[in-house]
Amino acid sequence: MSETATLPSRHPSAPAAPPTALPAHAALIAALSRAVEADGVRAITSRVQHELESRIAAGLDLGERFRRPRPDGYARRLFHRDPAGRFSVVAMTWGPGQATPLHDHAGIWCVEGVVEGTLEVARYELLAAGADGVHRFAERGRTTAGVGSSGALIPPFEYHTLANSSDQAVAITLHVYGGDMDRCSAFEPLGEAGAYRRVEKTLSFHD
């Protein structure tokens with residue numbers, strides 16, 4: 001497991017997140033700012049997980065803006081960008097059945113916590129990346145995460161899918177990244193089992 005991570009500060013001119021006006025939001029950001037000062041990526045992600053889990057358990061309310069789903073896919077909204085570029089926080093809102101494709105995290109560590117609803121998480125291992133552009137993966141576990149659950153991705157173990165497992169309820173997750181994640185690779189399944197084609201994706205925020 002990697003002890004280092006890329007901590008980029010991409011596109012510094014990009015708009016900042018809305019002010020975290022609620023006291024609980026400001027307290028969370030202050031706690032995360034302290035957590036990312038830990039020594040080493042595993043220590044950082046462990047402290048970030050602790051902060052997310054404890055504050056979600058205490059009833060963290062992200063507010064109505066972060067609760068609104070989108071009809072054509074999950075919503076990705078900026079919650080906070082650290083002025084020093086050490087981390088960013090993104091809220092994702094999942095309508096019933098909405099999901100990601102298999103994707104990576106562009107070499108950036110991430111901690112994800114479930115604030116509302118239930119999410120199905122499947123982790124994958126990259127077995128081979130062929131010169132023909134065909135990547136081969138094997139699924140290495142699938143879990144159902146409820147409110148208060150969290151998990152960490154530390155490169156090179158960064159491949160997974162996320163899905164709202166409910167066909168009726170909205171799910172909300174909070175993602176803390178070791179920098180700005182403005183791109184990733186998605187992997188489209190081919191006809192052969194375990195075979196995928198890599199597609200570069202540019203990420204943006206909604207609303």
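Okay, let's start with the largest pocket: 17 residues line it, and Glu112, Val121, Ala145, Ser150 and Gly151 are the ones nearest its centre. Before I go on, this is a predicted model, where local features need pLDDT of at least 70 and side-chain atom pairs count only at pLDDT 80 or more, while totals for chains, interfaces and linings use all residues. Numbering runs from 1 along each chain as its sequence is written, and side-chain values use heavy atoms, with hydrogens and water left out.

What do I mean by a pocket? On a 1 Å grid over the protein atoms alone, it's an open set of points where a 1.4 Å probe fits, with protein on both sides within 12 Å along at least five of seven lines; a lining residue has an atom within 4 Å of a point. The volume here is about 220 Å³, meaning the space filled by probe spheres set on the points, which are joined across faces, edges and corners.

Who builds the lining? β4 (110-116), β5 (119-129), β6 (134-145), β7 (150-153) and β8 (159-164) each supply at least two residues, and β6 has the largest share, with four. Strands are DSSP E runs of at least two residues, helices H or I runs of at least four, numbered from the N terminus. By class, the lining has six nonpolar, eight polar and three charged residues. Ala, Val, Leu, Ile, Met, Phe, Trp, Tyr, Cys and Pro count as nonpolar, Asp, Glu, Lys and Arg as charged, and the others, Gly among them, as polar.

Now the cores. A nonpolar core is a set of buried Ala, Val, Leu, Ile, Met, Phe, Trp, Tyr and Cys residues joined through side-chain atoms within 4.5 Å; buried is under 20% relative accessible area, exposed over 50%, partly exposed in between, with a 1.4 Å probe and protein chains only. The largest core has 26 residues, and Val48, Leu62 and Leu174 touch the most other members. α2 (41-57) gives the most to this core, five residues. Leaving aside neighbours within four places in sequence, Val48 is in contact (heavy atoms within 4.5 Å) with Leu32, Ala35, Val36, Trp109, Val111 and Val176. Apart from that core lies another, of 16 residues, including Val90, Trp94, Val121 and Met181.
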